[in-house]
Amino acid sequence: MTDTPKPLEPFGIRLGAAIGEHGPICVGIDPHPSLLEQWELPVSVRGLRRFAETAVDAFGGAVAMVKPQSAFFERFGAAGVEVLEDTLCGLRETGTLSLLDIKRGDIGSTMQAYAEAYLGDDSPLRADAVTVSPYLGFGSLTPALDIAARTGRGVFVLALTSNPEGASVQHATWEGETVAGAVIDAVGEHNALAAAGEFGDVGMVVGATVGKDIAALGLTERLLDSRAPLLAPGFGAQGATIGDIAAGFGAASRLVLPTTSRAVLAAGPDVDSLRDALRRVQDEARELTD
Ligand SMILES: O=c1ccn([C@@H]2O[C@H](COP(=O)(O)O)[C@@H](O)[C@H]2O)c(=O)[nH]1
């Protein structure tokens, strides 16, 4: 008899419970070559595996969500992707939510295959959620939204990214509406159908570094209405602070999940030091929900 996987609860409910338990922080696993060297590991698949295993040991069971950055695994080819698979499996075993940062976006028929690869119950590379790009049109994401809803998984749609170059696309207007505003409202419409609770199942990426643009573009209320968990990269190594997030996101701060990678990973390779660094950012971030 085959094992039928137990259906997962909706992603927004699971994320809300994880944030309630551990506070609003996501931590990234970004095995930069410079970090491997700093941890005195070889810049090789062996070093990558040791780095990822140490991060899973340190963060598993201790944080709301962990975000492996696929690029740093893919650069080692098939062997690196195997380490990524094992990392996602390791996180599952600790009961910690995983967000695979892979920023996929394609025409609908191809998006279906990406969605099966990362959100399907039987896929070796499945995560609890993935990052997706809406720049082929929000509708092209439908296969990912459908599979995520069916399997209890989530997607985080890029809305306002943390890099300075993002504004040239995301602040652009079409028919009197900013691109970012259209993405936010499309996510909000989707989440209006989700189960009751703080969060819908579809999140957005809104950089911690772009807080000042939120009010300037008139997006604060629309973010709040979307019920989207707002993944905020840029906290830490890219220069944004929790104070910047609170000031920039205003009333929408309670939906924010800051994510940070290098600033915490720099405390390694010692597992206790990594946990201490994580605890420090978790304590800081509680200001957003208190
Ligand atoms: O707008 C975005 C979207 C994703 N990222 C990713 O987040 C981490 C940030 O790492 P740090 O070391 O904390 O700077 C990284 O994986 C990015 O690809 C982002 O920075 N901005």
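Student: Which residues of α6 and α7 meet?
Tutor: In this predicted model, G108, M111, Q112, Y114, A115, E116 and L119 of α6 meet T142, P143, A144, I147, A148 and T151 of α7.

Student: How do the residues of that contact divide into nonpolar, polar and charged?
Tutor: The contact of α6 with α7 has eight nonpolar residues, four polar and one charged.

Student: And at what angle do the axes of the two helices cross?
Tutor: The axes of α6, residues 108–119, and α7, residues 142–151, cross at roughly 30° and come within 7 Å. Angles under 35 degrees count as roughly parallel, so α6 is roughly parallel to α7.

Student: Is the crossing of α6 and α7 left-handed or right-handed?
Tutor: The crossing of α6 and α7 is right-handed.

Student: Staying with α7, which of its residues are buried?
Tutor: The buried residues of α7 are A144, L145, I147, A148 and T151.

Student: What follows α7?
Tutor: G152 follows α7, and its phi is positive, near 75°.

Student: Now the largest nonpolar core. Which residues touch the most other members?
Tutor: The core has 87 residues, and A144, V155, V157, A159, M204 and L230 touch the most other members. Helix α3, residues 45–59, gives the most to this core, with seven residues.

Student: What does L230 touch?
Tutor: Leaving out residues up to four places away in sequence, L230 touches G203, M204, V206, L223, A252, L255, V256 and L257.

Student: Back to α3: how do its axis and that of α14 cross?
Tutor: The axes of α3 and α14, the latter being residues 271–285, come within 9 Å and cross at roughly 55°. That angle makes α3 oblique to α14. The crossing is right-handed.

Student: Which residues meet there?
Tutor: T54, D57, A58 and F59 in α3 meet V271, L274, R275 and L278 in α14. By class, this contact of α3 with α14 has five nonpolar residues, one polar and two charged.

Student: One more topic: where is K212 found?
Tutor: K212 is found in helix α10, which covers residues 211–216.

Student: Is K212 buried or exposed, and why?
Tutor: K212 is exposed, because 11 other C-beta atoms lie within 10 Å, and a residue counts as exposed at 12 or fewer.

Student: What separates K212 from G47?
Tutor: Their C-alpha atoms are separated by 39 Å, and K212 and G47 are 165 residues apart along the chain.

Methods. Residues numbered from 1 in each chain as written. Predicted model: local features only at pLDDT ≥ 70, side-chain atom pairs only at ≥ 80, totals over all residues. Core = buried A, V, L, I, M, F, W, Y, C linked by C-beta atoms within 7 Å. Buried ≥ 20, exposed ≤ 12 C-beta atoms within 10 Å, placed from the backbone. Helix = DSSP H or I, 4+ residues; strand = E, 2+ residues; numbered from the N terminus. Contact = placed C-beta atoms within 7 Å. Axes fitted to C-alpha atoms, helices over the stretch in contact; angles between N-to-C directions. Parallel < 35°, antiparallel > 145°, perpendicular 65-115°, else oblique. Left-handed = near helix turned anticlockwise from the far one by under 90°. Nonpolar A, V, L, I, M, F, W, Y, C, P; charged D, E, K, R; others polar.
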